[in-house]
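Visitor: Please show me the structure, and then let us go through it by question and answer.

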Amino acid sequence: MDTENKLCNKVEECYHIMGKKWIGLIIHTLIKEPKRFSEIHAFIPDLSKRVLNERMKELEENGIVLRNVIADRPVRTEYSLTKKGTELGRSLKALEEWADKWL
């Protein structure tokens with residue numbers, strides 16, 4: 001497989017991940033600091049808890065989000081962006097600026 005086809009496959013995979021509803025907003029929510037599930041849900045109220053749970057698992061499987069269980073009492077779970085997720089969030093910033101200007 002030549003370099004151009006490899007790049008095309010990677011771009012297609014990226015659009016497949018980002019094309020799922022709510023993914024961009026979830027990443028946007030986590031860009032500044034880690035958040036608990038309920039905080040993410042409060043930021044995106046139209047997103048059902050079931051779908052949020054699915055998306056968080058997908059993002060974790062793709063190495064974009066890290067799930068951190070904090071063993072305090074009560075036990076808490078926080079989600080944060082990995083290095084990979086932070087770089088993706090930075091690249092989405094340009095898209096947000098475009099949306100602010102043109103939509």
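Visitor: What share of the accessible surface of the protein chain belongs to carbon and sulfur atoms?
Guide: This is a predicted model, in which local features need pLDDT of at least 70 and side-chain atom pairs count only at pLDDT 80 or more, while totals for chains, interfaces and linings use all residues. Residues are numbered from 1 along each chain as its sequence is written, and side-chain values use heavy atoms, with hydrogens and water left out. Accessible areas come from the Shrake-Rupley method with a 1.4 Å probe, and for residues only the protein chains shown count as cover. The accessible surface of the protein chain comes to about 7700 Å², and the share of carbon and sulfur atoms in it is 53%.

Visitor: Which helix has the highest mean pLDDT among the elements of the protein chain?
Guide: The pLDDT is the predictor's confidence in each residue, from 0 to 100, and its mean over the protein chain is 93, with 99% of the residues at 70 or more. Helices (H or I, at least four residues) and strands (E, at least two) are DSSP runs, numbered from the N terminus. Among these elements the lowest mean, 88, belongs to helix α1 (residues 3-18), and the highest, 97, to helix α4 (residues 49-61).

Visitor: In what order do the elements of the protein chain run from the N terminus on?
Guide: The protein chain has five helices and three strands. Read from the N terminus on, their order is α-α-β-α-α-β-β-α.

Visitor: Why is one side of β1 and of β2 left without a neighbour in the sheet?
Guide: Two strands pair if DSSP finds at least two bridges between them, and by that criterion β2 (residues 65-70) and β3 (residues 76-81) pair in the antiparallel sense over six bridges, whereas β1 and β3 do so over two. The three strands form an open sheet in the order β1-β3-β2. Strands β1 (35-36) and β2 therefore each have a single partner strand, and both stand at the edges.

Visitor: Which residue in β3 is the bridge partner of Arg36?
Guide: The β3 residue in question also stands opposite Asn68. The bridge partner of Arg36 in β3 is Glu78.

Visitor: Is Ile40 buried or exposed?
Guide: Ile40 is found in helix α3 (residues 37-43). Leaving aside neighbours within four places in sequence, Ile40 is in contact (heavy atoms within 4.5 Å) with Thr29, Leu30, Lys35, Leu52, Met56 and Tyr79. Its relative accessibility is 0%, so Ile40 counts as buried.

Visitor: How many disulfides does the structure hold?
Guide: A disulfide is a covalent bond between the sulfur atoms of two cysteines, and here it is taken as a pair of cysteine sulfur atoms within 2.5 Å. The cysteine sulfur closest to that of Cys8 is in Cys14, 12 Å away, which is too far for a bond. The number of disulfides in the structure is zero.

Key
Buried means under 20% relative accessible area, exposed over 50%, partly exposed in between (1.4 Å probe, protein chains only).
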